[in-house]
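Welcome! Please take a moment to look over the sequence and turn the model around before reading on.

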Amino acid sequence: MSTHTFRRIVVYGVLAIAAGSLFSMRRVLWRRLVIGDTAVARTHTPTVEGALSAYGKRSDRRFRAVCRQSGVAYPPKRITLIALKEEKRLEVWGADARKPYKRLAVYPVLAASGVSGPKRREGDLQVPEGFYRISALNPASQFHLSLRVDYPNAEDTAHRTVARSAMGGDIYVHGGAASIGCLALGDSAIEEVFCLVARASAANRTILIAPRDFRVSPDAPRTSNPWVQNLYMRLQTTLREDFPL
């Protein structure tokens, strides 16, 4: 092999390695900008126990102090998340059995698609509205960690406008800063919320999603749909009576 040929092989090899590194860097940057993943975000074992091991101490420090100040035993027996679409805010409320709820934390929602109004079909980009359970914890989410919302629930299904199979699903509260029909909190926030929710019993994990904060803005968005009107009235009553500011 001539010296010239050897040099060409070396140069092409270096260029190939550089191109591969650049492609990998672009993938990482895209995930950080669009999905919100970070190098630290992937340090946990993809199990609930792994997430608790990685992030539970920080979550405990925050919420144990807040619960002590609020008179709620830690960890709270009941957890309800309140998502307010217009305000782009997620509130965390906790309570002992048969005792009033206390607000424990407030987080900004970094991304949520759609407008006011319930989700009606797959692909409408809407965040659902109504009374839901947190039906699953996903420690292996592509958005770091996530909490599954049980849309469509029985009420959504009873008032559907399309076939049940066309209503969509896979609605989550998750990390990152991008969303299509979900609620993105960012990685640090979802770590705290995920661990707190994980410590409550599965039967006592709920989420209420409203088009706006009816405690301060009593006027509901205009709609001619009787079911949606009734839903907004019930959301307003529940917010004012069970989760007063």
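Here is a short briefing on the sheet, a loop histidine, the salt bridges and the nonpolar cores.

This is a predicted model, in which local features need pLDDT of at least 70 and side-chain atom pairs count only at pLDDT 80 or more, while totals for chains, interfaces and linings use all residues. Residues are numbered from 1 along each chain as its sequence is written, and side-chain values use heavy atoms, with hydrogens and water left out.

**The sheet**

- Eight strands form an open sheet with mixed pairing, in the order β3-β2-β1-β8-β4-β5-β6-β7.
- Helices (H or I, at least four residues) and strands (E, at least two) are DSSP runs, numbered from the N terminus, and two strands pair if DSSP finds at least two bridges between them.
- The edges are β3 (102-108) and β7 (183-184); each has a single partner strand, so one side of each is left without a neighbour in the sheet.
- Strands of a sheet pair through backbone hydrogen bonds, either parallel or antiparallel.
- Strand β4 (residues 130-138) and strand β5 (residues 146-149) run antiparallel and are joined by four bridges.
- A136 has R148 in β5 as its bridge partner.

**A histidine in a loop**

- H144 sits in the loop between β4 and β5.
- Is H144 buried or exposed? With a relative accessible area of 0%, H144 is buried (buried means under 20% relative accessible area, exposed over 50%, partly exposed in between, using a 1.4 Å probe and protein chains only).
- The C-alpha atoms of H144 and A51 are 10.0 Å apart, although 93 residues separate the two along the chain.
- The side chains of H144 and E191 make a polar contact at 2.8 Å (a pair of N or O atoms within 3.5 Å; within protein, one must be able to donate a hydrogen and the other to accept it, and residues adjacent in sequence count only if both atoms are side-chain atoms).

**Salt bridges**

- The count comes to 15 salt bridges, each being a side-chain nitrogen of Lys or Arg within 4 Å of a carboxyl oxygen of Asp or Glu.
- E191 also meets R58 in a salt bridge (2.2 Å, N to O). E191 belongs to helix α4 (residues 187-199) and R58 to helix α2 (residues 48-70), so the pair ties together parts that are 133 residues apart in sequence.
- E191 counts as buried at 7% relative accessibility, whereas R58 is partly exposed at 27%.
- E155 and R234 form a salt bridge too (2.3 Å, N to O). This pair links helix α3 (residues 154-158), which holds E155, to helix α5 (residues 226-242), which holds R234, across 79 residues.
- Between E91 and R103, the closest N and O atoms of the salt bridge are 3.2 Å apart. E91 is in strand β2 (residues 89-95) and R103 in strand β3, 12 residues apart.
- E91 is buried, with a relative accessible area of 0%, while R103 is partly exposed at 37%.

**Nonpolar cores**

- In soluble globular proteins, nonpolar side chains tend to be buried together.
- The largest nonpolar core here has 40 residues, and L81, V92 and L147 have the most contacts inside it (a core is a set of buried Ala, Val, Leu, Ile, Met, Phe, Trp, Tyr and Cys residues joined through side-chain atoms within 4.5 Å).
- Helix α4 gives this core its largest share, eight residues.
- Another core, of 15 residues, lies apart from it and includes A95, F214, Y232 and F243.
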